[in-house]
Amino acid sequence: MSSVHGPAAGGSGVRGSGVRGLVRRPWRLAAEVTALLVAAVVAFPLYWMLLSAVKPAGEIESTDPRPWTSSPTLDSFRRVLEQHEFGRYFVNSLIVAVSVVIASALIAFLAATAVTRFRFRFRTTLLIMFLVAQMVPVEALTIPLFFLMRDFGQLNTLGSLILPHIAFSLPFAIWMLRGFVKAVPESLEEAAYLDGASRARFLWQILFPLVLPGLVATSVFSFISAWNDFLFAKSFIISDTSQSTLPMALLVFYKPDEPDWGGVMAASTVMTVPVLVFFVLVQRRLVSGLGGAVKD
Amino acid sequence: MTDAALPPEPGGAVTTAGPPGTAGPVAAPTTGPAPRRTARPAGPSPGRPRRGARPRGGWTPWLYLAPALVCLGGLLVYPVYQLGLISFLEYTQAQVSGGEPARFRGLANYTELFADDQFWQVLLATVGFAAACVVCTLAVGCALAVLLTRIRAIPRLALLLAALGAWATPSITGSTVWLFLFDPDFGPVNRLLGIGDHSWTYGRYSAFLLVLLEVVWCSFPFVMVTVYAGIRAVPSEILEAAALDGASQWRIWRSVLTPILRPILVIVTVQSVIWDFKVFTQIYVITNGGGIAGQNLVLNVYAYQKAFASSQYSLGSAIGVVMLLILLAVTLGYLRLLRRRGEEL
């Protein structure tokens, strides 16, 4: 009972203090220790990945794995970068992910504006369809998409990866952006029109910047889905390996019987780092974005 | 997404679902400056009736929607139609190469599928596995979200960063890393537990357990961050008022926070169901394409193997249709739930 109001320690602001103030102090200490332990467990796989990527081969293939290394080396990275056109795969992955993020953000922004700022027939039907579209198992569509891409001569091109991912990230992006577009006051729109702005001008110079945080939060999801894609890359890029993306390069090192763990871990690191960087960059906006979307 | 990308999606995850926009109390924007309103010209301005302050705009909304509709129509709706079509045809390697015309088989693919014991086994495994994943993900995610609200900034940041790291990890690298952690020869986990060279991927249930751990690891952060954001959004006055009225901690949770958070909980649950039902990459990589003799197959991987490994495209499509129908049922249930609460879309 030492603190009823509990000092709102550490910049969390007023908001959370209501909940936290109700907790007694020894409990908080236990909670903090638990949190740190959980954080360590959650971070451990990533730590082990980085560690194994810089361990010399002898230490990786040792039956006595140690959680540190005394002689870090970049051998595994060298092997990864030299052998299999890895740089090219990396660039391919980047092209796919960035194209998907930009295209789906723009298209979803327009669509979200349409369904929140206008009333028209079939509006609710459309919204329900967007919701239903989110649950379509992308993987099940691999078969028809394969034939579609073949018929349009898109097999073995990056387009065969970009186009489906744009489509599949749209429904969620539209749903997510709705909240952000709605949050921009109507009066602002009226004021803009009164001041003589055209629709296009309002859309791109007023609404777009205001919705940008939401777009960032949304783009996280489309970036991840495109960057992580494994199934399409495996199914649509069948013969022209110069169009492969990173996941396939990773599997070059992972052979179930005789995996080159050093190579796999180094390749995994190279594949994970860009996403981590992206996450850290948008982290603040992601949390507030999700919060904003939830608060509507 | 799984994967998702998060299986997401992360993985692929990331064909994500769940409309955070529908959640929570709708905070109407209150910033509308009154003077502006009086400045409006009297009478109904053309094309923009005042009701609901929504301009009608004629064709404009459709213009804005056009790119999205074209994309979705061509790359989602049409493939779904094709999927259904192929599931009624005889479609094998001969038809793919154009050697023979596709022959209509009616429901023959489905009867063949339903007569196959393996299909029912896989279906059962998929449902059980997805249920276990959803329950674990939600339990871990919600528990940690509550934990986050009770600790100071530094441990909170540590946990958030670790969770973001797990969230950001592509499902394929996550799978290989977890596989390595549990490697019978060189992995630290077996060493730590002192179980020698026990192979986790050999037994059916231990292989599923390993995949489950990876799935929970990469998908709990979404639940945690979303629920945490939801708790933070609860005005502290409400909690203080409840505390002043003498409500116990437990009572506050049960009677105040849970009802407020319910829309969010529904969203993360539906989202998790959809993601975990579609797990592909983790199973494919960790159990090497479905485990020994297909013991770890789930519907998604099963469909893929049928179609691309054994060229039975029509059977693969039929499995896809079954998955689609199950997920459709989940989504419709969710929509009914929304409607019953009188939520406006």
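A residue is buried if 20 or more other C-beta atoms lie within 10 Å of its own, exposed if 12 or fewer, and partly exposed in between. A:E61 has 14 other C-beta atoms within 10 Å, so A:E61 is partly exposed. This is a result from a predicted model.

Where does A:E61 sit in chain A? A:E61 belongs to the loop that runs between α3 and α4 (75-83).

## Make-up of the chains

Chain A has 13 helices and zero strands. Of its 296 residues, 50% are buried. Take the contacts in chain A between residues at least 6 apart in sequence: 74% of them join residues at least 24 apart.

Chain B has 14 helices and four strands. Its length is 345 residues, and 49% of these count as buried.

## Two domains in chain A

Chain A is assigned domain 1 (17-73) and domain 2 (79-295). The centres of the two domains, taken over C-alpha atoms, are 31 Å apart.

How many residues of domain 1 of chain A are in contact with domain 2 of chain A? Seven residues of domain 1 meet six residues of domain 2. On the domain 1 side, α2 (25-54) and α3 (57-60) of chain A each supply at least two residues. α2(A) gives the largest share of that side, four residues. By class, the domain 1 side holds five nonpolar residues, one polar and one charged.

## The largest nonpolar core

The largest nonpolar core counts 186 residues. A:A108, A:A111 and A:L177 have the most contacts inside this core. The element that gives the most to the core is in chain B: helix α9 (residues 204-232), with 18 residues. Both domain 1 (17-73) and domain 2 (79-295) of chain A also give residues, so the core lies between these domains.

Which residues are in contact with A:A108, leaving aside its neighbours within four places in sequence? In chain A they are A:L170, A:A173, A:I174, A:L177 and A:T218. From chain B comes B:A68.

## Helix α9 of chain B

α9(B) is mostly covered, with 24 of its 29 residues buried. From its first C-alpha to its last, α9(B) reaches 41 Å. That is close to the 42 Å expected at 1.5 Å a residue.

α9(B) still has a kink. The kink is about 35 degrees and lies at B:S219. The proline B:P221 comes shortly after B:S219.

## Helix α10 of chain A

Helix α10 (residues 199-228) of chain A has 30 residues. At 1.5 Å a residue, a straight helix would reach 44 Å. The end C-alpha atoms of α10(A) are only 37 Å apart, short of that span.

Where does α10(A) bend? The bend is at A:F208 and amounts to about 55 degrees. A proline, A:P209, follows within four residues.

Technical notes:
Residues numbered from 1 in each chain as written. Chains lettered and ligands numbered in written order. Predicted model: local features only at pLDDT ≥ 70, side-chain atom pairs only at ≥ 80, totals over all residues. Core = buried A, V, L, I, M, F, W, Y, C linked by C-beta atoms within 7 Å. Domains from an automatic or database assignment. Contact = placed C-beta atoms within 7 Å. Nonpolar A, V, L, I, M, F, W, Y, C, P; charged D, E, K, R; others polar. Expected span 1.5 Å × (residues − 1). Bend = angle between axes of the 7 residues up to and from the residue.
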